[in-house]
Amino acid sequence: MARRDLESGGGRTKNNRTEGNYTAHESSNLYEADTHWTSWLVPVFVVANIAVFVISMYINNCPKNNLGPQGGCVAKFLGRFSFEPMQENPLLGPSSSTLTKMGALRWDNVVNGHQGWRLVTCIWLHAGIIHLLANMLSLVFIGIRLEQQFGFVRIGVIYLVSGFGGSVLSCLFIRDHTSVGASGALFGLLGAMLSELITNWTIYSNKAMALLTLLVIIVINLGIGILPHVDNFAHIGGFLVGFLLGFILLPRPQFGWLEQRRLPAGVRLKSKYKAYQYVLWVVSLVLLTAGLTIALVMLFRGEKGYDHCHWCRYLTCVPTSKWECSNSS
């Protein structure tokens with residue numbers, strides 16, 4: 001950790017003004033200046049995802065295993081690391097059978113095959129190099145900043161639990177398709193950014209602009225998910241889990257609590273957090289626990305999500321004259 005965490009005792013500034021004389025902008029800057037951790041977990045996640053993709057391509061061995069009529073392997077000069085024919089995988093990656101072998105998410109394997117571990121392994125797999133690069137660039141831009149501000153433990157928990165939550169919701173609604181990717185975990189980080197902004201609202205300057213910018217990014221990304229062949233349920237599930245975890249794991253202490261050593265003798269704040277932060281913490285914990293429990297029970301009982309939410313099919317694909325949706329199962 002590069003500098004001392006504010007939560008462990010409070011930082012120091014050059015002047016000696018007390019809490020009441022600080023502006024919101026100065027308070028926000030103090031938090032950002034002193035709460036700085038060295039980011040190492042996010043780079044490890046990036047390396048791990050790349051390594052798993054390389055292994056999947058090694059196992060796939062297109063020149064040896066692709067004997068179908070789809071055409072030759074792409075980039076044959078790569079040998080056994082060459083990609084599947086574009087007709088089978090336009091994202092430049094391994095075959096769906098290889099992904100399934102390595103732990104891709106499929107409803108039948110999870111429920112009937114009792115392979116619940118796929119709910120976790122699928123977030124480390126990617127359908128192709130294009131898929132991998134898009135997700136890893138997003139992880140670097142979003143994850144490193146969050147890890148620097150909040151440390152590897154909290155960001156690691158949000159990433160992994162959000163990815164798991166996205167897998168659960170995806171598997172609950174989509175039965176006939178293979179699903180892989182870290183998108184659910186990435187949307188969890190976006191959700192955590194939104195709830196962090198809300199729960200720590202008082203310390204930020206330019207609040208409206210920050211909220212509007214984040215909401216636009218979230219809406220655009222979720223909007224892309226209504227295109228065919230995109231698993232928006234993983235996005236939505238990861239986002240909701242990350243949003244709730246942000247209220248649980250990312251509240252910042254009151255500014256005055258951090259600076260209480262500089263207050264007059266005998267003046268101490270009774271609470272580390274504001275009342276609304278405690279309320280959001282409790283409500284989020286209850287909703288997260290109940291939501292994951294109910295979803296898992298429904299999943300392993302073999303229930304279809306669409307039986308309880310007929311209109312939810314439009315959350316992942318909206319049929320138009322240009323394309324049809326095949327997620328109605």
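## Who touches Tyr 159

Two residues are in contact here when heavy atoms of theirs lie within 4.5 Å. Keep in mind that this is a predicted model. Leaving aside its neighbours within four places in sequence, Tyr 159 is in contact with Phe 45, Asn 49, Trp 124 and Leu 139, and also with Ala 182, Ala 185, Leu 186 and Leu 189.

## The cores

Tyr 159 also turns up in the largest nonpolar core, a set of 34 residues. Along with Leu 139, Ile 155, Ile 158, Leu 189 and Leu 288, Tyr 159 is one of those with the most contacts inside this core. Helix 9 gives the most, with seven residues.

Apart from this core lies another one, made of 21 residues, including Val 111, Ile 123, Met 298 and Leu 299.

## Where helix 2 meets helix 8

The axes of helix 2 and helix 8 cross at roughly 40° and come within 10 Å. From helix 2, Leu 41, Phe 45 and Asn 49 meet Phe 152, Gly 156, Tyr 159 and Leu 160 of helix 8. That contact is built from five nonpolar residues and two polar ones, with no charged residues.

## What the record says

An unreviewed UniProt entry lists "transmembrane region" for residues 40-59, 123-144, 156-175, 181-201, 208-227, 233-251 and 278-300. Take two of those stretches in the model. Over residues 181-201 the chain is 81% helix and 0% strand, with end C-alpha atoms 32 Å apart. Residues 233-251 come out at 89% helix and 0% strand, and there the end C-alpha atoms are 27 Å apart.

Note on methods:
Residues numbered from 1 in each chain as written. Predicted model: local features only at pLDDT ≥ 70, side-chain atom pairs only at ≥ 80, totals over all residues. Heavy atoms only, no water. Core = buried A, V, L, I, M, F, W, Y, C linked by side-chain atoms within 4.5 Å. Buried < 20%, exposed > 50% of the residue type's maximum accessible area, 1.4 Å probe, protein only. Helix = DSSP H or I, 4+ residues; strand = E, 2+ residues; numbered from the N terminus. Axes fitted to C-alpha atoms, helices over the stretch in contact; angles between N-to-C directions. Nonpolar A, V, L, I, M, F, W, Y, C, P; charged D, E, K, R; others polar. UniProt positions renumbered as here; feature names shortened; annotations may be inferred.
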